[in-house]
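The topic is how to read a few features of a protein model.

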Amino acid sequence: MFAAAHYAALAVFVVACWGFGRALLARLLPPPRRDAWLEAAMAATLGVGLFICAFQLLAIFGAFKVGATVALIAAGVVAAAVQLRPWWRTVHASATPAAPWTRDDRIAAIALALVALPALVAPLAPPAAFDELMYHLPYARQVAQQGSLGIHEWLRYPWFPYNYNLLYAAALQVGDDVLPHFLNALAGLLSSVMVLRLGIQHANRVTAIVGTAIWIGIGDYSNALIDMGVALFVLGACVALWWWRESQPVQGGTRWLGLAAFCLGVAAGSKYQALTFLPLVALFVVWHERRPKAWALALLCFMVPCVYWYARNALMTGDPFNPIGARVFGFTDWIPADYVQQVADVRDHAARPNALIWAVFLAPLSVWWKRSAAVRAAGWFCFYSVAVWLVTSRYPRYLTASFPLLALMSAIGWQVLFGRIGGGLRRVFGPRGGTAAAVDAPAAPAGRLGLAGDWIVVLLVAALAAVSLKQTAAKVAMISPTPETREAFLRQHVPGYAAMDYLRRHADGRVYQIALNEAIYYGPNPIWGDTLGPWRYRDFLLLPPGDMAVKLAQRGFTAIVMPTSMVPTLATRPGFDQHFALLYEQDGGRAYRILSTAP
């Protein structure tokens, strides 16, 4: 029942998104290549963007309340009911006979189902990931409670663009804090449908299924971050941009350019990294379109979802990209040492991305690269993304926005690789030596190597099944449908949860947390203390205990909380016990009451 209730809530929201998105897409020209399911995924994506814009507008004017959220969702469901019959007629009119399923298609589909199984269960776990507890969900909760946008300086990133987080705020208004996980998973679901349909359109069914499996396998569905949301809108922008390119000679095709710009605007209003795609998109557009009217339309559609965040930052701090642009526009909440520390932290997380996408560099050797301009465009997008990522962060999560197309192009690359391997084996074992699943080589009659290849496929599918079932069992064990199981899960997976929860229920003033950023969502709301920004630790913790207590008390703090790992550093200093009294200790966390009062 717990899972059914959350999936039912997600289904209602998807229907509402599709209703609004389909109503708008129906006013545009039909895409050059009709695909009912790709168009449905694009309609739902557009609907998500429209909901974000509506929530943003409501919150700007302080009207983002439960009633308004429910009313918007209900209106979307009504719009979907009105659109359903015309859409169904369009589906039947544009339907074309599908190619029969081959053995390779069925094997790939089984692999996709096994990969997707853990992803279906993962969103049901309570929030426990670092960043979602540090600022994504705390920000969403604050917006949900206040019904308005604000600058919350107690968060590490109070000036960030928070488009996709507004969906989490709406989820917290109408449901629990597991529901935001499903909105993160929704981005993965919609982009998976797009990858599948794009692969079928521009390559073949095996490529499409393998690419979708790669994207699902490297996605993270168990948290409320926004990287997958950004990936959805970047992919939607690429789809709309290609529809614009193919329909450009047709009058009215420029509207697809406006849709692409809108999707990029939603992405840029969710995460600064989305801005890195603008130079490539601008080059692509200017290569084919130079009319000021078309560019004005694209600029307007881009600005609608994101201009608020950047204009607010520019007017209030002088830095539209606060705090990222501090070295150019000047520092506000951060100091130069904070900036250096943040850059160092990103570099510390530098690593290679998932090995499944490395085959993208083999894609130019495929026949699909030679035959399809869309495949070449996707390939250049991938190479550009990887180059920018290498020059900037090299942090794997910052490449997530490009993962859907990287996954699809990697599937093409893997087919090239295995096609070459199969061709080499056929030359060794003779013309009747085996079969080939790759598109680059014709299939050979079954023989001695074909039987061995069949056994290899069986073993690989069996190994994938074992891994999938193990991962699914681990995800199922994390589901916490009752207050008791939730409490046990959080005490096990969230450091300092017990002490934070105690202060949330008993604190009668401001609380300063020390080295428990990953648990602040479960503490008092709000709660101060961080490694960066105006409440940085070094401004307080380097003082003698008496001075630290007085400084905290002067700023309204009545308690502090820390992990027990900090006790040897802080609580054993001479005079600490004279100014701080232990309130609570459990599960590796301690809470202290401040005894000193401000003069």
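Predicted model: local features only at pLDDT ≥ 70, side-chain atom pairs only at ≥ 80, totals over all residues.

Q: At what angle do helices α7 and α9 pack, and how far apart are their axes?

A: Helix α7 covers residues 179-202 and helix α9 covers residues 227-246; they pack at an angle of about 30 degrees, with their axes 8 Å apart. Angles under 35 degrees count as roughly parallel, so α7 is roughly parallel to α9. The crossing of these two helices is left-handed.

Q: Which residues of α7 and α9 meet?

A: From α7 they include N184, A187, G188, L190 and S191, and from α9 they include M228, G229, L232 and L235. Sorted by class, the contact of α7 with α9 has 10 nonpolar residues, six polar ones and no charged ones.

Q: How are α4 and α8 arranged?

A: Helix α4 (residues 103-121) packs against helix α8 (residues 205-218) at an angle of about 15 degrees, and their axes are 9 Å apart. The two are therefore roughly parallel to each other. Their crossing is left-handed. On the α4 side the contact includes D104, D105, A108 and L112, and on the α8 side it includes R205, V206, I209 and T212. The contact of α4 with α8 has 11 nonpolar, two polar and three charged residues.

Q: What is the angle between α1 and α3?

A: Helix α3 spans residues 66-94, and α1 packs with α3 at about 65 degrees, their axes being 6 Å apart. The crossing of α1 and α3 is left-handed. Among the residues that meet are F13, W18 and R22 in α1, and L72, Q83 and W87 in α3. The residues in the contact of α1 with α3 divide into 16 nonpolar, four polar and one charged.

Q: How many salt bridges does a search of the whole structure find?

A: The search finds 17. One example joins the side chains of D35 and R197, at 3.0 Å from N to O. D35 lies in the loop between α1 (2-25) and α2 (36-60), and R197 lies in helix α7, so the pair ties together parts that are 162 residues apart in sequence.

Q: Where is R590 found, and which side chains make polar contacts with the side chain of R590?

A: R590 is in strand β4, residues 589-594. The side chain of R590 makes a polar contact of 3.1 Å with the side chain of E585. Another polar contact, of 2.8 Å, joins the side chains of R590 and Y592. Leaving aside neighbours within four places in sequence, R590 is also in contact with residues including A499, I560, M562, L582 and Y584.

Q: What is the general rule for phi and for peptide bonds?

A: Most residues other than glycine have a negative phi, and most peptide bonds are trans. In this model, R394 has a positive phi, near 60 degrees, and is not a glycine. R394 sits in the loop between α16 (373-391) and α17 (403-429).

Q: Which peptide bonds here are cis?

A: P323 is in the loop between α12 (292-317) and α13 (326-329). Another is the bond from N525 to P526, also with omega near 0 degrees. P526 is in the loop between β1 (510-513) and α21 (538-541).

Notes:
Residues numbered from 1 in each chain as written. Heavy atoms only, no water. Helix = DSSP H or I, 4+ residues; strand = E, 2+ residues; numbered from the N terminus. Polar contact = N/O pair within 3.5 Å; in protein donor to acceptor, adjacent residues only side chain to side chain. Contact = heavy atoms within 4.5 Å. Axes fitted to C-alpha atoms, helices over the stretch in contact; angles between N-to-C directions. Parallel < 35°, antiparallel > 145°, perpendicular 65-115°, else oblique. Left-handed = near helix turned anticlockwise from the far one by under 90°. Nonpolar A, V, L, I, M, F, W, Y, C, P; charged D, E, K, R; others polar. Salt bridge = Lys/Arg side-chain N within 4 Å of Asp/Glu carboxyl O.
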